[in-house]
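This report covers a ligand site, an aromatic cluster and a set of paired strands. Start with the view below, then read on.

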Amino acid sequence: MPARLFLSSGDLVADRRFDFARDLQLKGDLAAAADLLLQATELAPGFASAWFTLGEIREQLGERDAAIAAFRKAQDADPEDRHGASLHLMLLGAQELSAMPQAYVRALFDQYAPKFETALVDDLGYRGPALLFKAVLAARLAVRKPAFFKRAIDLGCGTGLAATAFAKEVDHFIGIDLSPRMIEQARSTGLYAELEVADMLDGLWCKPDTSANLILAADAMVYLSDLAPLLCEVRRVLVAGGLLAFTAETHGGDGVILGEGLRYAHGASYVRECVRDAGLTLSRCEDLSARNEDNVPVPGLVVVATKS
Ligand SMILES: C[S@@+](CC[C@H](N)C(=O)[O-])C[C@H]1O[C@@H](n2cnc3c(N)ncnc32)[C@H](O)[C@@H]1O
């Protein structure tokens with residue numbers, strides 16, 4: 001996992017109390033840690049990292065209301081919400097399911113970037129790009145078309161694992177990602193003709209109509225609660241006959257939920273509906289897991305949709 005985000009309070013004594021509190025938290029003395037964090041916030045009331053950690057500890061202690069109060073303070077102290085306090089509020093049922101804060105995603109993956117591939121591929125058995133590759137080949141075979149794509153867009157491209165999988169089948173790869181550090185890693189692969197630090201929906205908005213033959217999103221939809229606006233833009237940007245291929249995490253029910261791992265899971269019927277409502281045709285939707293958690297495959301979908 002990435003290093004923990006720490007935003008200094010600007011007050012040396014408060015920061016030191018925070019460090020002691022973290023030591024206590026890691027040793028399991030949660031009550032003493034919470035006490036020290038409260039002292040730190042008395043010294044520095046806008047200390048987002050202390051409020052956020054206090055929220056987590058109170059969550060661990062089963063003190064729901066107190067946890068909610070601390071996460072709200074963390075949000076107030078850092079309106080960009082780099083710690084993702086709003087996600088904890090959603091999990092605690094104190095906030096409606098909504099979009100993931102962009103600053104949280106950026107901070108998470110900027111910290112993750114140097115060890116991302118080792119952590120994901122080696123530790124979690126990540127196989128999203130390989131699954132997408134197989135699904136795209138099968139979809140093209142089914143309509144007797146070659147699996148060669150002039151222009152492809154890789155949404156949430158990360159370090160470039162999807163471009164690596166599709167390198168021989170794509171002429172011109174465009175990568176879009178929120179995290180500048182992930183984009184740096186992607187650049188070093190030399191596989192992308194264009195790379196953009198941007199939100200994937202904003203990035204697509206700037207693309208001309210019918211300008212892409214293939215759009216990929218490998219393990220990126222898990223950071224998007226509402227797929228509908230993105231799929232509408234995908235339809236606009238794809239050429240007729242173009243493909244969208246993505247992995248998603250899923251759950252047994254309907255609609256979208258936020259999982260304990262702070263990733264959204266999309267119900268299969270929700271995904272089918274979004275694809276249909278966007279005016280795309282579902283070519284494949286398979287129950288396949290892109291990664292493990294605690295050595296158990298996480299329920300997932302591999303989806304290929306076509307613009308007719
Ligand atoms: C788990 S990584 C997957 C990276 C890559 N697609 C792969 O298969 O290895 C998710 C990536 O999506 C990016 N991301 C998440 N939400 C995003 C958004 N709204 N717009 C653009 N990129 C996003 C993250 O910064 C991260 O690099």
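## Strand pairing

Two strands pair if DSSP finds at least two bridges between them. The model discussed here is predicted. In it, S4 and S5 are parallel partners, and five bridges join them. Ile-215 has Leu-244 in S5 as its bridge partner. Ala-212 is bridged to Leu-238 of S5.

S4 also pairs with strand S1, residues 149–155. The two run parallel, with three bridges between them. Here Ala-152 has Leu-214 of S4 as its bridge partner.

## Burial of the strands

How many of the residues of S4 are buried? Five of its six are, so S4 is mostly covered. Strand S5 spans residues 238–249. Nine of its twelve residues are buried, so S5 is largely enclosed by the rest of the structure.

In a regular strand the side chains alternate between the two faces of the sheet.

## The ligand site

The shell around the ligand holds 19 residues. The closest are Tyr-126, Gly-156, Asp-177, Asp-199 and Met-200. By class, the shell divides into 13 nonpolar, three polar and three charged residues.

Which atoms of the protein lie 2.5 Å and 2.6 Å from an oxygen atom of the ligand? A polar side-chain atom of Tyr-126 sits 2.5 Å from a ligand oxygen. For Asp-177, an N or O atom of the side chain is 2.6 Å from an oxygen atom of the ligand. Leu-178 contributes through its backbone: an N or O atom there lies 3.2 Å from a ligand nitrogen. On its own, the ligand has 590 Å² of accessible area, and the protein covers 99% of that.

## Aromatic pairs

Rings of Phe, Tyr and Trp pair if their centres lie within 6.5 Å. By this rule the model has ten aromatic pairs. One of them joins Phe-109 and Phe-116. Their ring centres are 6.3 Å apart and their planes meet at 65 degrees, so the pair is edge-to-face. Phe-109 and Phe-116 are both buried.

Phe-109 also pairs with Tyr-223. This pair is edge-to-face as well, at 5.3 Å centre to centre with 90 degrees between the planes. What does the pair tie together? Phe-109 lies in helix H6 (residues 102–112), while Tyr-223 is in the loop between strand S4 (212–217) and helix H12 (228–237). The pair therefore ties together parts that are 114 residues apart in sequence. Tyr-223 is buried, as is Phe-109. Ring pairs link Phe-109, Tyr-112, Phe-116 and Tyr-223 into a cluster.

## Phe-6

Phe-6 belongs to the segment before helix H1 (12–27). Is Phe-6 buried, exposed or partly exposed? Its relative accessible area is 36%. Buried means under 20% and exposed over 50%, so Phe-6 counts as partly exposed.

Phe-6 and Ala-48 are 42 residues apart along the chain. Their C-alpha atoms are separated by 8.7 Å.

How values were computed: Residues are numbered from 1 along each chain as its sequence is written. This is a predicted model: local features need pLDDT of at least 70, side-chain atom pairs count only at pLDDT 80 or more; totals for chains, interfaces and linings use all residues. Side-chain values use heavy atoms; hydrogens and water are left out. A residue is near a molecule or strand if one of its heavy atoms lies within 4 Å of it. A polar contact is a pair of N or O atoms within 3.5 Å; within protein, one must be able to donate a hydrogen and the other to accept it, and residues adjacent in sequence count only if both atoms are side-chain atoms. Accessible areas come from the Shrake-Rupley method with a 1.4 Å probe; for residues, only the protein chains shown count as cover. Ala, Val, Leu, Ile, Met, Phe, Trp, Tyr, Cys and Pro count as nonpolar, Asp, Glu, Lys and Arg as charged, and the others, Gly among them, as polar. Rings of Phe, Tyr and Trp (its six-membered ring) pair if their centres lie within 6.5 Å; planes under 30 degrees apart count as stacked, over 60 as edge-to-face and the rest as tilted. Buried means under 20% relative accessible area, exposed over 50%, partly exposed in between (1.4 Å probe, protein chains only). Helices (H or I, at least four residues) and strands (E, at least two) are DSSP runs, numbered from the N terminus.
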